[in-house]
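Subject: Structure handover

Hello,

Please load it before reading on.

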Amino acid sequence: MSADVWLPVPPEEIEGLPAGPRYLFWDGGEDGDQEFPGDPADCVLYVVPYMKRWTVKVRPLEHLTGVEVIQTLTAGVDDVTARLSAIRPGVRLCNARGVHEASTAELALALTLASLRGIPQFVRAQAEERWHSAFHPSLADKSVLIVGYGAIGAAIEDRLAPFELARVARVARSKRTTARGPVLPLTDLPSLLPDADVVILSTPLTDETRGLVDAEFLGRMKDGALLVNVARGPVVDTKALLAELDSGRLTAALDVTDPEPLPPGHPLWQAPGVLISPHVGGPSSAFLPRAKRLLVDQLTRFVNHEPLRNVILTTGS
């Protein structure tokens with residue numbers, strides 16, 4: 001029996017892969033119907049294709065009867081966990097912590113600055129060859145609340161540090177202390193939201209965070225505050241957000257939406273005070289070098305029977 005590893009990057013393009021497994025390339029193809037590169041029963045480690053439809057990512061799962069590890073190239077794993085019932089017990093699911101922090105944090109900062117400083121209005125005015133000067137808020141002296149203080153949340157704060165903020169508050173599932181200051185639990189959100197000029201969402205999508213940003217959450221945000229979402233679309237109640245945007249009380253910068261992709265004609269497209277990017281926090285020139293380093297490290301650990309990094313869960317436990 002072969003010990004195959006399915007990679008969504010051609011193995012000859014990844015320097016330093018450890019000897020032992022047979023490396024096979026499979027990324028689902030353009031239409032998601034690419035033939036499997038070998039017998040799925042021989043695959044011991046499946047690396048989930050990046051930036052493919054959900055149906056493509058999970059298509060092999062029910063056939064991977066001998067798989068030991070499923071490695072995503074995303075920080076969030078909700079699209080895979082939804083189909084883990086097809087996987088036998090004892091399989092380790094690992095995410096891509098360390099791959100997307102730089103790129104996603106950059107985008108969070110870019111969306112924040114662009115929204116505050118009116119960049120979308122300038123772009124529209126340029127297209128009309130119209131010189132339109134205006135007064136816009138600065139990020140300096142603002143209070144920022146980061147909801148979801150994992151690796152990406154910390155990377156966001158690293159990039160906010162030079163901007164002369166009044167303060168940064170950090171919230172995560174559980175309370176802890178970091179070098180930059182305390183991280184408060186989600187239960188403290190009601191008292192923190194009224195003081196935040198900018199609320200940045202970088203939390204994973206879980207049962208606890210789905211719909212976290214609902215009408216009550218938004219209602220506690222101060223007038224004129226900016227909501228930035230680089231997490232997952234369903235963390236935010238779209239209907240509740242639209243009500244606040246339409247009233248003009250809040251603004252938003254969204255890299256993710258619910259639904260996603262956002263269909264033509266959806267009211268979010270034309271809502272006042274919203275800037276939308278099409279879920280591009282991860283895909284940048286920073287992605288591939290970091291993804292390759294992760295795969296080499298993880299596969300070296302796997303071949304040498306060493307503890308794997310970024311294990312999110314083990315099926316059946």
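Below are notes on the cysteines and the aromatic rings.

A caution before the details: this is a predicted model.

Cysteines
The structure holds 0 disulfides. Cys43 is in none, and its nearest cysteine sulfur, that of Cys94, is 13 Å away. Cys43 is buried, at a relative accessible area of 0%. Cys94 is buried as well, with a value of 0%.

Aromatic rings
The count of aromatic pairs is 6. One of them joins Trp6 and Tyr46, with ring centres 6.3 Å apart and planes at 85 degrees. Planes over 60 degrees apart count as edge-to-face, so this pair of Trp6 and Tyr46 is edge-to-face. Trp6 sits in strand E1 (residues 4-7), and Tyr46 sits in strand E3 (residues 43-47). The pair therefore ties together parts that are 40 residues apart in sequence. Both Trp6 and Tyr46 are buried.

Tyr46 also pairs with Trp26. Here the ring centres are 6.4 Å apart and the planes are at 50 degrees, so the pair of Trp26 and Tyr46 is tilted. Trp26 lies in the loop between strand E2 (22-25) and E3. Its pairing with Tyr46 in strand E3 links parts 20 residues apart in sequence. Trp26 has 0% relative accessibility and counts as buried. Tyr46 has a relative accessible area of 0%.

Ring pairs link Trp6, Trp26, Phe36 and Tyr46 into a cluster.

Best regards

Notes
Residues numbered from 1 in each chain as written. Predicted model: local features only at pLDDT ≥ 70, side-chain atom pairs only at ≥ 80, totals over all residues. Heavy atoms only, no water. Disulfide = S-S within 2.5 Å. Buried < 20%, exposed > 50% of the residue type's maximum accessible area, 1.4 Å probe, protein only. Phe/Tyr/Trp six-rings, centres within 6.5 Å; stacked < 30°, edge-to-face > 60°. Helix = DSSP H or I, 4+ residues; strand = E, 2+ residues; numbered from the N terminus.
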